[in-house]
Amino acid sequence: MHPPARPWAKHRGLTTPYGADLHGLDTAAMASALWRHYLSRHQRRLIARGWHLTQDQTRLLIMFLAVLHDIGKIQPGWQTAVPTADHLTGRPGYAPAPAGAPRVRHEHATLYALPELLHRLYGLPLNGSPSTLVAHQLAQIAATHHGTYPPPLTHLHDELTHPTTALPALGTDGWDHERRRLLETADTLLGHPVLPTRTAPPTTAILTTAVISLADWLASQTTWITARQHDWDTDTTTSTTTHLQRALRLAPAALHQAQLRTPVVIPPTTMRAMFPHLRGHRLYPLQKHIEKQLPALVDRLGPGLLLITAPTGDAKTECGLFAACVLGAAAHCIGTALFLPNRASCEPMWERLCAHTRATTRGPAPTGLVHHLAWLDTRFGPLRKTVASDAIVVEEWLRGRYRPLLGYACAATWDQLVTAVLAARYNTVRWLGITRKTVLIDEAHAYGPYEHQLTKEALHWLGAFGVPVVLLSATLTGDTAADLVHAYRSGAGHTDTPALHPPYPGWTYTDLATGTITTSPTIPSARAHTLTITVTPATHTHDPADPHGRAHALLEALRPLHDTHRGSALIVCNTIADAQATHDLLEATWGTGPHAPRLLLLQSATPHHRRTAATRKLQRWTGKGRPRPTRPLVVVATQLAEQSLDIDTDLVITDLAPLALIIQRAGRQFRHPRTDRPPWATGPRIAVLVPPGRLPPAWLQVYDESLLDRTRTALGPPGERHLAIPEDLPGFLDPVYETDFTTPAGISHEGRQATEAALGRQAAVPRPARITDLHQLSDGEDPHPETRLGADTLHVLPVYTTPGHIWLNRRATQPLPDHATLAAPATVHRLMNLTVPVRAALLNATDPETEPPPAWRDIAALRHLRLLPQPLRNGNAQPYRNHHHNLSLHPTLGLVSRTPRQDPDP
């Protein structure tokens, strides 16, 4: 039979309510299993050290808080919320909530109730500032299982010492007795756990909170609760003692089912053992040097941060993954979290990480793809069928909201890392997943001042957590590299800033324990070559009749490919509009016949399914060991193609961009040995189209004008120049990026840099040493934190309208799904695959025509979508028009934005 009447904690989805004491004991059992089977040795040691307790004492402390996390539900307002579940209200001593008293969220009630109870039963002091009180910090931790640290209590209105007076909704008499009984149950069943005598640092508090939150999620699963209720129904000898024992016995299996168990990791030995594709091949010099030197260095100094700087194509990824294994083993961390600049680079790198995981683990090692639309990837998303034989597959529970970083390994967008230093819900759980692993940040140079500052804040926290880190970069300059390394050292407690001059190519290492900086010698590059840079003046016009314009320069640069009908080229444009106009130009000039060069457009303002298909085609046609198309290939792309994608073309053409990005774009050619290169492609060559005079205004919304001007100066006059890679690269780059207060443009540039960096510091939560109360980690919580300055985007669903109807296709044969159809996951999946990301400024958010159906508000994936209605007239789609923009979806170009002047009403 069920236990006698007790305050209930769970009811939804159950036929009978489930007691707060039973749910608390379940949560404690899950917390114990997480401590033993999920947390890394590093995490256990960090948490115990922060509480100044032994590891077993710390486990019991976390279990104790887990039992009490829902103690705030023991209040009349909560118990009467579901009348059929309420067995106490109205009994003698169990008065209902005071008339007119607002219902109090149970996590806030937990914060109010616990400090005084801990004082009453354990003698924990309540005098002094709340931020210094152990009882208050423990209450805040227990109250944060819904993801946000509540504001601290104060001595005003006796919030700490007389909670039922300060918060009458808590209830007195019988309600107070029930809360005290729950605490006494926890104390007795856990063998009178030792409570800390001093508050813990934020790092310890964060991980303690996260374990309780994760344990609560596991113990709140309906299948778990109904199984425990069945135990009570079928076993008349069941008591709270046997209930806890049974839960402790069964919790590890629940972790296994949720994919939260640790796989067997194969210790790192050699590059070839770790990467089967390297067997039978000579290692690159960088690979050989790191393989030989790094393990001994880490063995001597302990884990820390490794910065690897080398040209594109020098096997930095394999070096980074090898280093992550070495550092992770030394730090007793589990798995790798690989962070990349964008979705386009994230998805192919996930495939490489999966292969790496298979080669270095035995047993379940779920390897996640983590970005906000990862669930649409048919190789990873919720429509994928379970592949029981593949140990790296991520199942449904681990793909849930806030959970993807908890798996063994992941390839994620950089935003997933820096969100951890913003005030976002469940950041404690995010940190739990990150700090279990070694962090690897690819393309560490690929961000502006605001984003760079957020990376520094994240590195500071990673240093404070003692997490090993690997940074990879092809063009990181000295000052920027020093910023990142010193941010990490500062978090680890080393406040000095010794001079840092990273070798190129080479590596720089700083250990956590002493902060010693070790640098390698300059290592020969496997891809040492001469890069020919052709500087071509080109007025920013898309008119091919203008002999001095960009269109004419493009066609001239592509003439060898067009005339010989052989080869491939990449054109990188600074804006989506330029990429669309370039594609139009080439298609109009060359036609679309079977003998014309094949065109591929890659840019972000495209329906998700088309962008995914374009990225995969690009990888298939230009990746390592992949056969080229039979026709010449020209890829027109935006910045999506400049980072982390394994693209190998014969020529690169680029608009003027910051110099480091030009070098990065130049690395998208001659990456791999090929026997099918055309005779005209004799070596790496990049053509830079440089507008004389005033720069296009649209470019200045993307890049700083002073930086472009400095790049223009560094490139020199029109004509060819030859750059020895890697020898000449640091001296070529550094003058462009060094501080410049000598000219008005330089002063303006430095001012903007400083302003954006300041915004980054302001957006981030305080660093650990500056946190006086845990609420500072959640203060100003933003459901959509801004990881990239000015990147205010939304997703629109292009639709087509006729009077009284909305259609998904131009032929008006597929109606917008109704509420009944939306219940099918496949329908939601299909709709999201049709969406396009756009800048929020392009759409009038108050226009009722863009409002989705009201039923969509109940579906998380569709809740924030807007419609892009395009009226159908005589079978032709007309653009959506507002005061500033005309927007339409082109079948090839993607979303086209024009001003009313550019696109007059016919």
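Keep in mind that the model is predicted.

Helices first. Two packed helices are described by the angle between their axes and the distance between the axes. Our pair is α15, residues 343–360, and α23, residues 608–622. Their axes come within 11 Å. They cross at roughly 55°, and that makes α15 oblique to α23. The crossing of α15 past α23 is right-handed.

Which residues meet there? From α15 we have R343, A344 and P348. From α23 we have H608, R611, T615 and Q619. Sort the residues of this contact by type, and you get 2 nonpolar, 3 polar and 2 charged.

Next, the sheet. This one is open and has 3 strands, in the order β25-β26-β27. The pairing is antiparallel. The edge strands are β25, at 880–881, and β27, at 894–898. Each of those two pairs on one side only. Take β25 and β26, where β26 covers residues 886–890. They pair over 2 bridges. Look for R881: N886 in β26 stands opposite.

Last stop, D86. Where does D86 sit? Find the loop between α4, 76–79, and α5, 106–122. Is D86 buried or exposed? The relative accessible area of D86 is 17%, and buried means under 20%, so D86 counts as buried. What does D86 touch, leaving out residues up to four places away in sequence? The answer is W8, Q79 and T80. One more distance: D86 and P76 are 10 residues apart in sequence. In space, they are 9.1 Å apart, C-alpha to C-alpha.

Methods:
Residues are numbered from 1 along each chain as its sequence is written. This is a predicted model: local features need pLDDT of at least 70, side-chain atom pairs count only at pLDDT 80 or more; totals for chains, interfaces and linings use all residues. Side-chain values use heavy atoms; hydrogens and water are left out. Two strands pair if DSSP finds at least two bridges between them. Helices (H or I, at least four residues) and strands (E, at least two) are DSSP runs, numbered from the N terminus. Axes are lines fitted to C-alpha atoms, for helices over the stretch in contact, and angles run from 0 to 180 degrees between N-to-C directions. Angles under 35 degrees count as roughly parallel, over 145 as roughly antiparallel, 65 to 115 as roughly perpendicular and the rest as oblique. A crossing is left-handed if the near helix is turned anticlockwise from the far one by less than a right angle, and right-handed if clockwise. Contact means heavy atoms within 4.5 Å. Ala, Val, Leu, Ile, Met, Phe, Trp, Tyr, Cys and Pro count as nonpolar, Asp, Glu, Lys and Arg as charged, and the others, Gly among them, as polar. Buried means under 20% relative accessible area, exposed over 50%, partly exposed in between (1.4 Å probe, protein chains only).
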